[in-house]
Amino acid sequence: MYGGYKNDDDLYANDQSALLGQQGVQVRRYDTAGAETEEAIAREKRKEVEEVEVGIREIAECQQTLADLVKESGEKLENADNVMGDAAAKTTEGIYQLQQANNNAKAARKRMCCGVILLLLIVAVIVIIVFVTKK
């Protein structure tokens, strides 16, 4: 009997149990360390995913801002196009009115000339009548 063991097999079985027990502790330590490492990796991945999500949100906001600016610019361009179309129409109308005013001024000058000539003829006739009656 060896220190309370009945035979060599008991001693060997007990030594193996003790050895497995120690290895189990080490395995558990490695498992705990592995779990902690995996947890740290998982936290890091979550952090990276959150950073990517923030980046995606910022990109989405930039795209929305850009879309709003494009829409606003389109509206301004459309408004400018309408204003230019109105200006072109009013310019054409103004040219027509200037042509009409020019034609009216020419007609008025002709009438004035005719009126002056008629007045001179009347004065001439009166002067002739006055001279002929005095003689």
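A search of the whole structure, which is a predicted model, finds 3 salt bridges. Side chains of opposite charge can pair when their charged atoms come close. One of these salt bridges joins the side chains of E39 and R43, with a distance from N to O of 3.5 Å. Both residues lie in helix 1, where a spacing of 4 residues, about one turn of the helix, separates E39 from R43.

E53 and R57 are separated by about one helical turn because they stand 4 residues apart in helix 1. With a relative accessibility of 38%, E53 counts as partly exposed, and the value of 49% for R57 places that arginine in the partly exposed class as well.

A salt bridge is also formed by E72 with K76, and here the closest N and O atoms are 3.2 Å apart. The two residues again belong to helix 1, in which E72 and K76 are 4 residues apart, or about one turn of the helix. E72 is partly exposed, its relative accessibility being 39%, whereas K76 reaches 53% and so counts as exposed.

The setting for these pairs is a protein chain with 1 helix and 0 strands, and helix 1 covers residues 8–134. Of the 135 residues of the protein chain, 1% count as buried. The accessible surface of the chain comes to about 12300 Å², and carbon and sulfur atoms account for 62% of that area.

The residues E44, E48, E50 and E51 gather on the surface in a patch of negative charge, and one of them, E51, is found in helix 1. A nonpolar surface patch, with an area of about 350 Å², is made by L118, I122, I126 and V130. V130 has its place in helix 1 and shows a relative accessible area of 39%, so that this valine is classed as partly exposed.

The cysteines were examined for covalent links. A disulfide is a covalent bond between the sulfur atoms of two cysteines. The structure holds 0 disulfides. For C114, the closest cysteine sulfur is that of C113, but the two sulfur atoms are 7.0 Å apart, which is too far for a bond because a disulfide requires the pair to lie within 2.5 Å. C114 is exposed, with a relative accessible area of 52%, and C62, for which the corresponding value is 54%, is exposed too.

Note on methods: Residues numbered from 1 in each chain as written. Predicted model: local features only at pLDDT ≥ 70, side-chain atom pairs only at ≥ 80, totals over all residues. Heavy atoms only, no water. Patch = residues over 30% accessible without salt bridge, like charges linked within 9 Å, V, L, I, M, F, W, Y side chains within 5 Å. Areas by Shrake-Rupley, 256 points an atom, 1.4 Å probe, with all protein chains shown as cover. Salt bridge = Lys/Arg side-chain N within 4 Å of Asp/Glu carboxyl O. Lys, Arg positive; Asp, Glu negative; His and termini not counted. Charge placed at Lys NZ, Arg CZ, Asp CG, Glu CD. Buried < 20%, exposed > 50% of the residue type's maximum accessible area, 1.4 Å probe, protein only.
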